[in-house]
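Please keep the sequence and the coordinates in view while reading.

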Amino acid sequence: MASLKEVRARISSINSTQQITKAMKMVAAAKLRRAQDNITQLRPYAQKLSQMLGTVSAGAETASESPYQQQRSVERVLLIVVTSDRGLCGAFNTNVVKGALTLIDEKYSSQARSGNVEIMAIGKKGAEAFQRRGFKVNTSHLDIFGSLNFTTVRAAAEDAMEGFANGRYDVVEVIYNEFKNAAMQIVRTEQMLPIVATAPPAGSASSINYIFEPSEEEIVTELIPKTIKIQLYKAVLDSNASEHGARMTAMDKATENAGELLKELRLVYNRTRQAAITTEILEIVGGAEALASA
């Protein structure tokens, strides 16, 4: 049985850890509220923009000539993997990395064997995971979460768009955690480039004949790059909200576990203390009897 000093030290250590996890949970909850507001406000705009692009580009001649819709034989792949900069958020980062590895195994295994799969890491945890596995990792945009805004994400999107237009990549896909609620994040994989124009079903609310001003071609030319950038920005905001939700949930569970462990240790402490007192009493009684019989 552990000594009283050892049990007291463990109780003190777990008390300190519990205070830290409580504080981290409150910080994550505050950040989650802001991050959730950001993604909730952006989603309708991003969805409507993608819907308009699908409707308009399906019948526009300029869209088919866009460098971002060129369908090529897939030899060089860019995967944009969105993780976090820090840990202590449960399986948040692990799930994204597993999702990317599964995508590579199922869809781009031959390209990976040839060394033609490149990872653009948004988040330090993803960069570390793929560097350990020997992948070529683009670390130019690791610090996005340090100052998260559309400008920093746009730079990453433009980097991928330029690489695709120049033929450095034949396909670009994004892997990230989609935010559902604080306790649920879903790993999503979306093809960012090339854009595939899909006409909406006839008679649906999306099959609208738009009136274009100045012209359909000019609008589509402007709309395609903007939609690509918004698509990546939405993925990053989704991941940001998911990270704070996962961390809040993980820290809440850690706080509960610390409380359960404290209960067990206090019980052990009381039992150890009672055993020590009993031993001392027995020693005193034994000594007294020895003196009396002497």
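In this predicted model, β1 and β2 pair in the parallel sense over six bridges. β2 also pairs with β3, again in the parallel sense, over three bridges.

**Strand pairing**
- On the β3 side, Ile 119 is bridged to Val 137 of β3.

**Burial of β2**
- Six of the six residues of β2 are buried, so this strand is largely enclosed by the rest of the structure.
- In a regular strand the side chains alternate between the two faces of the sheet.
- One side of β2 carries Val 117, Ile 119 and Ala 121, the other Glu 118, Met 120 and Ile 122, and both faces are covered.

**Helix α6**
- Helix α6 comprises 16 residues (150-165) and reaches 22 Å from its first C-alpha to its last, close to the 22 Å expected at 1.5 Å a residue.
- Asn 149 caps the N-terminal end of α6, with a side-chain oxygen 3.0 Å from the backbone nitrogen of Thr 151.
- Gly 167, which follows α6, has a positive phi near 85 degrees.
- The buried residues of α6 include Val 153, Ala 156, Asp 159, Met 161 and Phe 164.
- The cover over the buried residues of α6 includes β1 (77-82), β2 (117-122), β3 (136-138), β4 (171-181), β5 (184-193) and α7 (216-293).

Terms used: Residues numbered from 1 in each chain as written. Predicted model: local features only at pLDDT ≥ 70, side-chain atom pairs only at ≥ 80, totals over all residues. Heavy atoms only, no water. Helix = DSSP H or I, 4+ residues; strand = E, 2+ residues; numbered from the N terminus. Expected span 1.5 Å × (residues − 1). Buried < 20%, exposed > 50% of the residue type's maximum accessible area, 1.4 Å probe, protein only. Contact = heavy atoms within 4.5 Å. Polar contact = N/O pair within 3.5 Å; in protein donor to acceptor, adjacent residues only side chain to side chain. Pairing = 2+ DSSP bridges.
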